[in-house]
Amino acid sequence: MSANVLLTESMSLEVGAQEPWPSNVQLFQPYEVEQILLPDNASCLAVQAFLHMAGLDFTIEMRSNAENMSPSGKVPFIKAGAFVVSEMEPIVAFVNTKGISLTNNLDVGQKADMRAYMSLVNNVLGNAELYISWYDEVTLEEVTKPRHGSVHPWPLSHILNWQKRSGVMKRLGALGWTSKTLEDVYAEIETCCRALSERLDNSPYFFGSKPTELDALVFGHVFSILTTPLPDNRLKVIVQQFGNLSKLCEMIERDYFERLNSSDSDNGNFEKLP
């Protein structure tokens, strides 16, 4: 992440707001139907939602080796002219260099609150999704390994699954997540969702009548949890307890995906909420 942040800082000086958003921006991600996993789907949908909210045109390019193509090894990433930028925070920063922001109406305190809640989502929901996908043995064997390796022949699929799991386990171990039980993880998810639900309250978005990147990020994670079949549906059941988060997802789905996809067939096979 630090390398990406440095990249976006240098781009801010080099590109500047005077350069327009390119007309042929591509967003690269794994195949949706047969390959993508819960954590990556959440990240990809969050970036898609942010770009839609910002009114920026892009096309989705699905690649079996999208992770390997990414400069950070994570998806999604965008190719915008001469620049390749991966992950949500650097992509948001890149968009900001174009003079485009979803937070112009927020004061300093609100922007700090937004960053704090985004950190909460990444640190809890993001790590929980990795834990369930790669550490929980049932999900690992029944969902993760078959999907992650589906686009590659054996033994390459086995090798890539092992490499990916090793990397995820190293990250989760460093953050203390491998010492948690599955029940601990579910409890953290519920606490995180309750905090988000209380912050959202009865507002259409987290900071009033207009969406920010926090809304896009929450949408990516909550929508993915609600639409991804898993052997144990407790994750979905926990999220469904918080009706206003589901309502937020429904509104973003309607306003920024269904409406746009009705006139643009290049934005992927978007799966609707049940």
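Buried, in this talk, means under 20% relative accessible area, exposed means over 50%, and partly exposed is in between, with a 1.4 Å probe and protein chains only. Hold on to that, because the burial calls I make rest on that cut-off.

What you see above is a predicted model, so local features need pLDDT of at least 70 and side-chain atom pairs pLDDT 80 or more, while totals for chains, interfaces and linings use all residues. Residues are numbered from 1 along each chain as its sequence is written, and side-chain values use heavy atoms, with hydrogens and water left out.

First, the overall picture. The protein chain has 11 helices and 4 strands. Helices (H or I, at least four residues) and strands (E, at least two) are DSSP runs, numbered from the N terminus. Of the 274 residues in the chain, 48% are buried. The accessible surface is about 12800 Å², and carbon and sulfur atoms hold 51% of that. Those areas come from the Shrake-Rupley method with a 1.4 Å probe; for residues, only the protein chains shown count as cover.

Now contacts, meaning heavy atoms within 4.5 Å. Take those between residues at least 6 apart in sequence: 76% join residues at least 24 apart.

On to the aromatics. Rings of Phe, Tyr and Trp (its six-membered ring) pair if their centres lie within 6.5 Å; planes under 30 degrees apart are stacked, over 60 edge-to-face, and the rest tilted. How many aromatic pairs does the whole structure hold? The search finds 6. One of them is Phe28 with Phe77, a stacked pair at 4.8 Å centre to centre and 5 degrees between the planes. This pair links distant parts of the chain: Phe28 is in strand E1 (residues 26-29), Phe77 is in strand E3, and they are 49 residues apart. Are Phe28 and Phe77 buried or exposed? Both are buried. Elsewhere, ring pairs link Trp21, Phe83 and Phe94 into a cluster.

Stay with the strands for a moment. Met62 lies in strand E2 (residues 59-62). Met62 counts as buried because its relative accessibility is 18%. Met62 and Gln26 are 36 residues apart in sequence, yet their C-alpha atoms are 9.9 Å apart in space.

Next, the core. A nonpolar core is a set of buried Ala, Val, Leu, Ile, Met, Phe, Trp, Tyr and Cys residues joined through side-chain atoms within 4.5 Å. The largest one here has 72 residues, and the members touching the most others are Leu51, Ile78, Ile189, Phe206, Val218 and Ile252. Helix H5 gives the most to this core, with 10 residues. In soluble globular proteins, nonpolar side chains tend to be buried together.

Look at Phe206. Setting aside residues up to four places away in sequence, Phe206 touches Leu196, Arg199, Leu200, Leu214, Asp215, Val218, Leu245 and Leu248.

Two helices deserve a slide. The expected span is 1.5 Å times one less than the number of residues. At the start of H5, a side-chain oxygen of Asp107 comes within 3.1 Å of the backbone nitrogen of Gly109. H9 has 15 residues and reaches 21 Å, close to the 21 Å expected. Why call H9 largely enclosed by the rest of the structure? Because 15 of its 15 residues are buried.

One histidine to note: His148, in helix H6. His148 counts as buried because its relative accessible area is 11%. Its side chain makes a polar contact with the side chain of Asn161, at 2.7 Å. A polar contact is a pair of N or O atoms within 3.5 Å; within protein, one must be able to donate a hydrogen and the other to accept it, and residues adjacent in sequence count only if both atoms are side-chain atoms.

Last, the backbone. A cis peptide bond joins Val75 and Pro76, with omega about 0 degrees. Pro76 sits in the loop between helix H3 (66-69) and strand E3 (77-80). Another cis bond joins Trp154 and Pro155, with omega about 10 degrees. Glu87 is not a glycine, but its phi is positive, near 75 degrees. Asp201 also has a positive phi, about 55 degrees. Asp201 lies in the loop between helix H8 (182-200) and helix H9 (213-227).
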